[in-house]
Amino acid sequence: MQWFKQSTAASLIVGPILDSTGVEYASAVIGDLSLSKNGGTLTALASAAALTYIANGYYTLALTTGNTD
């Protein structure tokens with residue numbers, strides 16, 4: 001679980017993201033992730049969010065104010 005100040009941009013590290021065989025996955029896209037606000041239903045991330053591969057299945061996820069509103 002991660003907490004953010006409401007309506008502010010934020011960056012965090014996510015992962016490891018693995019494929020169905022348990023191997024690190026280096027081709028994830030924003031559409032592969034979901035977000036729950038205040039424990040609510042999982043929803044898609046705002047399209048302006050950015051996901052950048054680091055290494056070993058880990059990514060930097062840059063959330064926009066639309067993700068933390």
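Biologist: How many residues line the largest pocket, and which of them lie nearest its centre?
Modeller: The search uses a 1 Å grid over the protein atoms alone, where a pocket is an open set of points with protein on both sides within 12 Å along at least five of seven lines, unlike a cavity, where a 1.4 Å probe fits but cannot get out; lining residues have an atom within 4 Å of a point. The lining of the largest pocket comes to 21 residues, and those nearest its centre are Gln-2, Phe-4, Leu-35, Ser-36 and Lys-37.

Biologist: What confidence must local features of this predicted model reach?
Modeller: Residues are numbered from 1 along each chain as its sequence is written, and side-chain values use heavy atoms, with hydrogens and water left out. As this is a predicted model, side-chain atom pairs count only at pLDDT 80 or more and totals for chains, interfaces and linings use all residues, whereas local features need pLDDT of at least 70.

Biologist: How much space lies in the largest pocket?
Modeller: Rolling a probe the size of a water molecule over the atoms shows where empty space is left. Grid points are joined across faces, edges and corners, and the volume is the space filled by probe spheres set on the points. For the largest pocket this gives about 570 Å³.

Biologist: How do the residues of that lining divide into nonpolar, polar and charged?
Modeller: Ala, Val, Leu, Ile, Met, Phe, Trp, Tyr, Cys and Pro count as nonpolar, Asp, Glu, Lys and Arg as charged, and the others, Gly among them, as polar. On that count the lining of the largest pocket has 10 nonpolar, 8 polar and 3 charged residues.

Biologist: Which strands each supply at least two residues of the lining?
Modeller: Strands (E, at least two residues) and helices (H or I, at least four) are DSSP runs numbered from the N terminus. Those that each give at least two residues to the lining of the largest pocket are β1, β2 (34-35) and β5.

Biologist: In what order do the strands of the open sheet lie?
Modeller: Two strands pair if DSSP finds at least two bridges between them. β1 is joined to β5 (residues 58-63) by 5 bridges, with Val-14 opposite Tyr-59 and Ser-11 partnered by Ala-62. On the other pairing, 5 bridges join β4 to β5, where Tyr-53 has Tyr-59 as its partner and Thr-52 stands opposite Thr-60. The pairing is antiparallel, and the order of the 3 strands is β1-β5-β4.

Biologist: Which strands stand at the edges of the sheet?
Modeller: An edge strand has a single partner, so one side of it is left without a neighbour in the sheet. The strands in that position are β1 (10-14) and β4 (50-55).

Biologist: Where does the peptide bond that is cis occur?
Modeller: Pro-16 lies in the loop between β1 and β2. With omega near 5°, the cis bond runs from Gly-15 to Pro-16.

Biologist: Is Ser-7 exposed or partly exposed?
Modeller: Ser-7 lies in the segment before β1 and has a positive phi of about 60° although it is not a glycine. Because its relative accessibility is 39%, Ser-7 counts as partly exposed.

How values were computed. Buried means under 20% relative accessible area, exposed over 50%, partly exposed in between (1.4 Å probe, protein chains only).
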